[in-house]
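Here are a few notes to go with the model. Have it open while you read.

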Amino acid sequence: MTDRIRIEGIYKVFGRSPQQAVELLKAGETKESVLANTGHVAGLTDVSLAVPAGAIYMVMGLTGSGKSTLARCINRLIEPDAGRILIDGEEITSASEARMREIRRTRISMVFQHFALLPNRTVAENAEFGLKLRGIGAKERREKAMGILDVVGLSAWAGHLPSALSGGMRQRVGLARALATDADVLIMDEAFSALDPLIRTEMQDELLRLQKALKKTILFITHDFQEALKLGTRIAIMSDGKVVREGTPEDIVQNPKNNYVAAFTRDVDRARLFEASSVMTPAEPLRYGTAVTASILSVGGGPMFVVDDGGRVVGVVRTDQMQDVKDDVPVQSLMTQDYEAVCSTTKLAEMAGAFHPDRPMAVVDKDRRFMGRVDPLQVLSRIGTPSARSSHSKAAGY
Ligand SMILES: Nc1ncnc2c1ncn2[C@@H]1O[C@H](COP(=O)(O)OP(=O)(O)O)[C@@H](O)[C@H]1O
Ligand SMILES: [Mg+2]
């Protein structure tokens with residue numbers, strides 16, 4: 001995957017002579033000391049990140065950590081003081097003002113907390129409103145709006161006024177309006193933060209669903225770690241204008257790397273975050289219709305699954321059935337149906353009910369092809385908090 005957005009060593013300082021403060025930050029001075037000595041506020045210090053095309057990339061941090069400053073640097077509503085920003089390899093930090101206007105019109109769209117509909121306009125008129133503001137012609141914008149209403153499942157309501165819709169449906173139209181744009185890069189700054197919790201959850205689900213159809217590149221800013229975990233393909237965690245951790249949600253929860261990040265991860269329900277594939281032991285299956293030898297059976301070090309010609313699981317040979325096996329025994333004479341199979345994308349929380357002490361568990365892909373097996377102890381160790389070491393750490397002082 002190519003990087004749609006690349007941010008390389010960005011600095012932003014608020015104050016009269018930022019360059020002097022940037023030099024101090026580059027020399028390793030902290031945000032506090034720069035403020036105390038120069039009166040300048042460090043908004044961003046040496047921020048680098050890469051957003052792959054098609055990602056929902058989360059920038060997560062507490063209030064004042066620099067998230068909005070970063071978002072505004074990307075379309076140069078704020079001018080960075082040092083560093084480079086590239087969109088599809090084009091350096092926009094050196095682009096002319098005319099080129100920047102073009103990029104804002106065609107490439108990057110900003111979504112704010114604004115999903116309220118115009119009450120006297122139809123659903124279709126609401127959905128196309130953003131395109132109208134961008135000067136898109138009537139026919140083209142109606143086509144685009146209808147396309148996105150279709151994706152959110154509301155095309156049948158196109159001619160109705162918002163008052164005919166439920167609250168949740170109205171929010172979906174608002175989201176459709178925000179996403180009905182030519183731009184393939186969306187920057188959503190705390191877009192859901194003002195919504196009440198139930199509607200917020202609905203909007204998160206809807207965004208995930210929409211993204212499957214639209215495949216935009218979304219930089220989503222939030223102060224909510226749970227939201228970051230739920231939506232993110234990757235997450236950058238910011239503190240005091242710096243990125244203090246970057247990675248996939250699973251990677252960050254499993255290995256926070258510093259106490260600041262560990263404080264966020266402590267209460268995460270790991271069973272709902274991790275999937276079967278994360279606890280899977282890859283293993284060689286046996287092929288149905290072949291003969292086994294004692295040495296083949298000892299290779300696996302555990303139960304061995306049997307697959308058909310298409311790689312689909314058809315049975316299992318348990319370890320207790322492997323004792324005293326003579327060579328050249330047909331697989332099917334050892335095989336039983338005493339197994340469970342879970343899809344690789346099943347969350348650990350949903351797997352729990354499928355465990356039986358005498359029934360080995362296979363992980364399969366969506367076509368039921370064998371991928372590996374699950375050791376229940378692996379699941380337990382994955383669900384547990386990494387270790388007691390993080391339970392004494394404080395949010396500050398990582
Ligand atoms: N226009 C500004 N003038 C001075 N300081 C600012 C300005 N905008 C932001 N800051 C400061 O920069 C830091 C980052 O702010 P911001 O990017 O808004 O954080 P976030 O969006 O994470 O809450 C904060 O310390 C904030 O006070
Ligand atoms: Mg902000």
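Which strand does Arg 245 lie in? A quick word on conventions before the points. This is a predicted model, where local features need pLDDT of at least 70, side-chain atom pairs count only at pLDDT 80 or more, and totals for chains, interfaces and linings use all residues. Residues are numbered from 1 along each chain as its sequence is written, chains are lettered from A and ligands numbered from 1 in the order written, and side-chain values use heavy atoms, leaving out hydrogens and water.

1. Arg 245 lies in strand β10, residues 242-247 (strands are DSSP E runs of at least two residues, numbered from the N terminus). Arg 245 is buried, at 5% relative accessible area (buried means under 20%, with a 1.4 Å probe and protein chains only).

2. The Arg 245 side chain gets to the backbone oxygen of Pro 256 at 3.2 Å. Leaving out residues up to four places away in sequence, Arg 245 also touches others, including Ile 235, Asp 251 and Val 261 (contact means heavy atoms within 4.5 Å).

3. Now β14, residues 304-307: Met 304 and Val 306 point one way, Phe 305 and Val 307 the other, and all are buried. Side chains in a regular strand alternate between the two faces of the sheet.

4. β14 runs parallel to β12 (residues 286-287), joined by two bridges (pairing takes at least two DSSP bridges). Arg 287 sits opposite Val 307 here.

5. With β15 (residues 313-317), β14 pairs antiparallel over four bridges, and Val 306 has Gly 315 as its bridge partner. The two strands form a hairpin with five residues between them, and Gly 311 in the turn has a positive phi of about 85°.

How values were computed:
Buried < 20%, exposed > 50% of the residue type's maximum accessible area, 1.4 Å probe, protein only. Polar contact = N/O pair within 3.5 Å; in protein donor to acceptor, adjacent residues only side chain to side chain.
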